[in-house]
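Please look over the sheet and the charged pairs in this model. My notes are below.

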Amino acid sequence: MDGYNRDGDLKPMDAEQFREHAHKMVDFIADYYKTIENFPVLSQVQPGYLRNMLPDSAPNHPESLDDIFNDVQAKILPGVTHWQSPNYFAYYPSNSSIAGFLGEMLSAGLNIVGFSWITSPAATELEMIVLDWLAKLLKLPDEFLSAGQGGGVIQGTASEAVLVVLLAARDKVLRRLGKNALEKIVVYASDQTHSAIQKACQIAGIHPENCRVIKTESSTNYALSPDILCEAIAHDVAIGLVPFFLCATVGTTSSTAVDPLLALGKIAKSNGMWFHVDAAYAGSACICPEYRQYIDGVEEADSFNMNAHKWFLTNFDCSALWVKDRTALVQSLSTNPEFLKNKASQANMVVDYKDWQIPLGRRFRSLKLWMVLRLYGIENLQCYIRNHIKLAEHFEGLVAQDPRFEVVTPRIFSLVCFRLLPPRNNEDNGNKLNNDLLEAINSTGKIFISHTVLSGKYILRFAVGAPLTEERHVTAAWKVLQDEASVLLGRL
């Protein structure tokens, strides 16, 4: 390419050009964070908005970074929903931090593809070490540490984590029963389990009629009932089916329900099932001793997952998965083509993470987690989590003081589920009213919240977790909600 490079053109890599442009990019991002509250939190554009704003083919000649910054400002940012805004309260958080960003930057700078130990020994070994650190912080059983038969691995998302352990569990049971038993094996989860389990079953070839979705009730705060699970298993066994996988959740997507791990784990064990615990969101809170109780019973689990990229200041993507038996993963997911053979792998002296995941290639994601743990330290991380929970408690108190609203499920972590009460004799239980309230609030651009449906009721979710959120943002968000509710109720 050098022969085509004119003076002043950007080279593929050049230390001084990199320094100059990267400084500009850091300044641009820092200014974005300084002004982030000026943007509507939820993007207000219409589908297809960008097509008419950009040319229909790539440029023949280089363009300047300043021109691109202008385009980002004028054309891209209006189409961005600002997940890092202090007024973002939708879904669950997706944390970014200075430490996480620096780790991401270093990972992009080194740009290794660490599929096996030999392709960058530090990438494999740092991942093993930081996941041991995090496991100890969560007080996970020793079987999940890399010194034994198990260990941790960074996946892209909790969806990938549940898929790889489902495949491991499937192959384990089929080795025992024979391949033809695929049509007989059954997966169990609750109706609050993340939809990722459904997708994992589709990919793994589990017959759709063998995916048991067990109904939960408001009486258990939408946690999976061990008794109802036992009935479902007994029924399946009686008709010749084979239970093989149970997924429990700590902090469900809709309402942060916590499944009773100890009781469920015992049921799984007595039926020879793989027991997976999904703590994608709430796992982060369990680094605080007062919240660790919510994963009591994890000692019964075969695998455990939490997303450091949700509520642990680690930029997306970084989903930590631990297994007790790494051999089960490797037997399902390993390939050993000639072009990847090397002494260390052949001698079984090392971990090759390519055999613990779906793709071959992988990024140096452990740098982010390492930097977060080192630059913040455990005490600051615990304070960070506690502060968000305190802010959610503050919001819950505000809702409780207004008789027009109700808190729907008990708040455990930093999510409040609530709704605007409909006038008496409302034909749809206030579902349209709350949907209208959500639309009205989000179209102001001042805050962004999302919804769920529990027991047929349309519920609003207020999830605190953005790194920049302070009490004033929560109080202002409540004022927006109250004002929009007054307008809607005034029209009835």
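This is a predicted model: local features need pLDDT of at least 70, side-chain atom pairs count only at pLDDT 80 or more; totals for chains, interfaces and linings use all residues.

1. Residues are numbered from 1 along each chain as its sequence is written, and side-chain values use heavy atoms, without hydrogens and water.

2. Four strands form an open sheet in the order β8-β9-β11-β10, paired antiparallel. Strands are DSSP runs of E, at least two residues; helices are runs of H or I, at least four, and both are numbered from the N terminus. Strands pair if DSSP finds at least two bridges between them. β8 (405–407) and β10 (450–454) are the edges; each has a single partner strand, so one side of each lacks a neighbour in the sheet.

3. β9 (residues 415–420) and β11 (residues 457–463) are joined by four bridges. L415 has A463 as its bridge partner in β11. Helix α12 (residues 366–401) packs on the sheet and touches β8, β9 and β11 (contact: heavy atoms within 4.5 Å).

4. The model has 24 salt bridges (a side-chain nitrogen of Lys or Arg within 4 Å of a carboxyl oxygen of Asp or Glu). R386 pairs with E290, closest N and O atoms 2.6 Å apart. R386 lies in α12 and E290 in the loop between β5 (274–278) and β6 (303–307), so the pair ties together parts 96 residues apart in sequence.

5. D317 forms a salt bridge with R365, at 3.1 Å between the closest N and O atoms. D317 is buried at 15% relative accessible area, and R365 is buried at 7% (buried: under 20%; exposed: over 50%; partly exposed: in between; 1.4 Å probe, protein chains only).

Conventions: Axes are lines fitted to C-alpha atoms, for helices over the stretch in contact, and angles run from 0 to 180 degrees between N-to-C directions.
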